[in-house]
Amino acid sequence: MTKSWYSDLPQYYQRQIKAAGLDEAGLTRRRLLKGMAATAGVAMAGLSSRPSQAASQMTYMCWEGYNDPRIIDPFRKANDVEIAFDLIVDSPGGFAKLQAGASREVDLVSSDMPWITRLGPAGLAQELNPADYADVYATFYDQFKPPFEPLLNEGKTIGVATRWGWVGPCVNTDLTKPEIWKSYDPVFDDANKGKICVMDWGDWPILPMALHAGIDPYQELDQNALEETRKVLRAMFKNTRTLVADLTQAQKGLLDGSLLGCIGAGSYLTSAVRKQGHKNIIAVVPEPKNGLKQGIIWVEATAILKDTDQPELAQKLLKHVVSKESGHVLSLLDSTCNVVTNKAVEALYTPEERDILQADYMWTAWDNSQMHRIAPNIDDMLAIWQEELAAAQ
Amino acid sequence: MADEVPRSWRDPDLLIKALPTVLLQTTCFLAPLVMTFLLTFQRSRNFQLQWSWDLWTWTDVFSKPHYWTILGHTIFMAAATVAICLIIAFPIAYGLATRFKAWENEIKVLITFAFITDATLKIYGWALFLDKNGMANYALSSIGLPPEMVAFLYTDWATLLGMVYSLSAFAIFTLYLSISNIDRSLILAAYDAGAGKFRAHWEVTLPLCKPGIWAGSVLIFLLSVGAFLEPKVLGGGKSPMSAELIRQTFETRVNWPLGAALTLVLMVVSVFIVLLFSRLIGLKRAGLAA
């Protein structure tokens with residue numbers, strides 16, 4: 001007979017532990033932490049509500065929107081599970097948190113694809129068997145079906161793509177013609193001095209500028225290529241009116257005309273404004289320059305953490321997040337609207353919703369874009385960004 | 001006069017009384033600080049921490065001038081904020097302590113409300129107010145002035161405005177306490193000795209306010225060097241200050257050793273400046289006494 005962690009306790013307590021279901025999985029650190037989190041949650045609620053009666057608990061690290069009650073509540077009820085959310089505000093921050101130890105508490109994570117892929121070499125994500133997700137992939141656009149190279153680590157699938165969009169100039173068509181933005185040249189035009197907005201979102205504004213300079217940032221770069229990137233960033237800062245990290249600031253600037261164009265964002269920025277009726281705000285993708293595609297396709301993906309103690313539930317939740325019904329909700333949130341990887345969702349869109357999402361433009365954007373993945377020299381480029389920003393003061 | 005009790009660190013009673021504070025400081029301040037320091041001797045590669053135990057990060061910090069440019073800009077902005085806050089706060093605090101006794105509590109409550117209102121709300125409020133199409137320009141153009149007269153949003157001036165607005169309450173309240181504690185008979189004595197209002201103010205009131213000026217200055221300076229919302233929202237992010245540089249290094253670059261080193265540099269420089277000024281004021285006092 002094996003000795004359990006509670007067998008030395010009096011019989012009464014042993015019965016209580018068995019009744020609570022703690023004997024089967026053992027009192028792991030994860031379970032203890034989750035229990036503490038749940039207790040703290042109840043305490044925060046003013047001690048008025050009773051502890052959760054759900055059979056199990058999960059923690060989901062995700063962008064805001066993935067936690068929408070219209071997505072989560074049906075899953076919660078169907079599986080009798082309580083889901084705690086760890087909302088991320090930026091992908092590197094979420095990755096850093098997981099790396100710092102949060103991976104022991106989190107079961108599922110939805111973030112930007114390169115950061116999901118990085119979970120593989122970091123030893124944090126569970127490798128997925130595409131055959132287990134055949135039902136999910138059956139309704140996906142072909143472009144996202146396995147083997148989907150950007151989500152592979154040493155040939156193993158790390159996550160499932162969920163939502164996507166494109167990065168390109170965001171403009172107000174009442175103030176500027178979209179044809180002018182067939183390249184990034186207007187960013188450097190003296191006539192536009194003090195009218196350009198740059199998103200302060202890490203690598204997002206750097207990568208399009210590198211592409212404009214004729215450099216493929218997704219390849220290993222030598223010193224010359226990095227110097228070219230430096231020059232183009234320096235030129236960009238000369239015309240920059242503001243760097244913003246907050247979507248609403250950029251949206252407001254585009255709407256009121258104080259900003260002519262916004263760099264480093266794309267459909268993620270424009271769609272929510274379009275949903276409010278401002279169809280004059282669009283995200284375009286410049287045309288290829290010297291054979292180099294100038295747009296960037298961003299993809300969000302979902303992965304299961306290696307240390308999860310709920311592997312089956314995590315898999316179920318992952319499948320639920322990319323389902324037709326969840327995909328429809330996810331693509332038309334109040335904060336941002338973006339197309340999803342599940343083709344079946346398209347059937348649910350009204351003409352108005354298609355217009356909001358620029359759905360008729362999405363494959364043009366795709367054709368003229370690079371797929372966003374890990375840029376090998378991103379740290380060097382971020383260091384250059386910091387140096388040039390300091391020099392521009 | 002009360003007898004002074006000589007205290008020694010060998011006094012068991014004192015040691016027991018100090019123990020909770022010592023434990024709290026050790027676990028909550030010193031230990032994280034030591035860990036931060038140790039982190040600076042590691043490296044970050046491919047967004048992952050590597051335990052290398054070398055001076056690579058410190059070499060990077062001391063060889064890249066832009067870190068120091070940003071630090072210099074931060075110190076300048078913090079010093080300017082302190083100066084402006086004191087200039088604005090002094091008349092308010094003086095008036096509060098001497099002239100507006102009847103409205104003293106109401107004014108204090110109003111200042112406190114403005115002070116404790118969420119910083120994000122206040123800063124975005126200023127952004128909307130100063131915007132090209134904001135309230136300030138609307139009001140000015142409605143009285144016949146040219147459009148877009150207020151055009152300093154996304155400049156260092158806007159950053160400074162936000163920092164002064166957010167932090168001036170520290171100066172108002174510390175100065176108010178100092179002025180309230182001044183013995184009025186000393187000022188009357190100065191008048192009796194033939195001093196005019198300005199001279200009495202300069203030679204009696206102002207020197208006696210030094211503790212308040214110093215306390216307010218230290219609080220504002222240390223909070224200013226850590227400001228990140230104002231440079232980002234009102235300054236337009238084009239003139240980053242050290243706090244934003246540190247955030248970017250930790251979060252965007254996921255370079256924790258470098259972020260830790262930059263944090264320590266900012267802490268050391270800030271404490272050095274505070275100690276330097278403290279010493280200078282002390283020397284001046286000694287000189288005056290002599």
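**Entry 1: A:Gln358**

I started at A:Gln358, which counts as buried, because 24 C-beta neighbours sit inside 10 Å and the cut-off is 20 or more. I placed A:Gln358 in the loop between helix 14 (351-356) and helix 15 (362-367) of chain A. I then read its phi. The angle is near 50°, a positive value in a residue other than glycine. I note here that this is a predicted model.

**Entry 2: confidence**

I looked up the scores before going on. The predictor gives the complex an ipTM of 0.80 and a pTM of 0.81. Chain A has a mean pLDDT of 89, with 87% of its residues scoring at least 70. Chain B also has a mean pLDDT of 89. In chain B, 95% of the residues reach 70 or more.

I marked two stretches to handle with care. Over residues 41-51 of chain A, pLDDT stays under 50. The model has four contacts for that stretch beyond four places in sequence. In chain B, residues 286-290 stay under 50 as well. For these I found zero contacts beyond four places in sequence.

**Entry 3: chain A overall**

I counted elements next. Chain A has 16 helices and 14 strands. Of its 393 residues, 47% count as buried. I also checked how far apart contacting residues lie in sequence. Among contacts in chain A with a separation of 6 or more, 75% join residues 24 or more positions apart.

A:Pro146 and A:Pro147 are joined in cis, with omega about 0°. A:Pro147 belongs to the loop between helix 7 (134-137) and strand 4 (152-153) of chain A.

**Entry 4: helix 4 against helix 12, chain A**

I followed a helix pair inside chain A. Helix 4 (residues 69-79) and helix 12 pack at an angle of about 145°, their axes 10 Å apart. The crossing of helix 4 of chain A past helix 12 of chain A is right-handed. From helix 4 of chain A come A:Ile71, A:Phe75 and A:Asn79. They meet A:Leu313, A:Lys316, A:Leu317, A:His320 and A:Val321 of helix 12 of chain A. By class I get five nonpolar, two polar and one charged.

The spacing along these helices made me recall a general point. An α-helix has 3.6 residues a turn, so residues three or four places apart point the same way.

I stayed with A:His320, which lies in helix 12 (residues 311-321) of chain A. Leaving aside neighbours within four places in sequence, A:His320 is in contact with A:Phe75 and A:Ser326. I also took one distance. A:His320 and A:Ala375 are 55 residues apart in sequence and 30 Å apart in space, C-alpha to C-alpha.

**Entry 5: where the chains meet**

I turned to the interface. In it, 27 residues of chain A are in contact with 23 residues of chain B. On the chain A side, helix 5 (91-99), strand 9 (240-244) and helix 16 (378-391) each supply at least two residues. Which of the elements of chain A gives the most? Helix 16 does, with seven residues.

I then looked at helix 16 of chain A beside helix 3 (residues 65-99) of chain B. Their axes are 9 Å apart, at an angle of about 45°. The two are therefore oblique to each other. Helix 16 of chain A passes helix 3 of chain B in a left-handed crossing. The chain A residues in this contact are A:Gln386, A:Glu387, A:Ala390 and A:Ala391. Chain B supplies B:His66, B:Thr69 and B:Ile70.

**Entry 6: spots in chain B**

I checked B:Ile220, in helix 10 (residues 210-225) of chain B. B:Ile220 counts as buried, because it has 28 C-beta neighbours inside 10 Å. Not counting residues up to four places away in sequence, B:Ile220 touches B:Thr81, B:Val82, B:Cys85, B:Leu167, B:Phe170 and B:Ala171.

I found B:Val254 in the loop between helix 12 (242-252) and helix 13 (256-289) of chain B. Its phi is near 45°, positive in a residue other than glycine. B:Val254 counts as buried, because I find 26 C-beta neighbours inside 10 Å.

Last, helix 8 (residues 184-192) of chain B. Of its nine residues the number buried is zero, so the helix lies largely in the open. Just after helix 8 of chain B, B:Gly194 takes a positive phi of about 100°.

Terms used
Residues are numbered from 1 along each chain as its sequence is written. Chains are lettered from A and ligands numbered from 1 in the order in which they are written. This is a predicted model: local features need pLDDT of at least 70, side-chain atom pairs count only at pLDDT 80 or more; totals for chains, interfaces and linings use all residues. Two residues are in contact if their C-beta atoms, placed from the backbone, lie within 7 Å. Helices (H or I, at least four residues) and strands (E, at least two) are DSSP runs, numbered from the N terminus. A residue is buried if 20 or more other C-beta atoms lie within 10 Å of its own, exposed if 12 or fewer, and partly exposed in between; C-beta atoms are placed from the backbone. pLDDT is the predictor's confidence in each residue, from 0 to 100. Axes are lines fitted to C-alpha atoms, for helices over the stretch in contact, and angles run from 0 to 180 degrees between N-to-C directions. Angles under 35 degrees count as roughly parallel, over 145 as roughly antiparallel, 65 to 115 as roughly perpendicular and the rest as oblique. A crossing is left-handed if the near helix is turned anticlockwise from the far one by less than a right angle, and right-handed if clockwise. Ala, Val, Leu, Ile, Met, Phe, Trp, Tyr, Cys and Pro count as nonpolar, Asp, Glu, Lys and Arg as charged, and the others, Gly among them, as polar.
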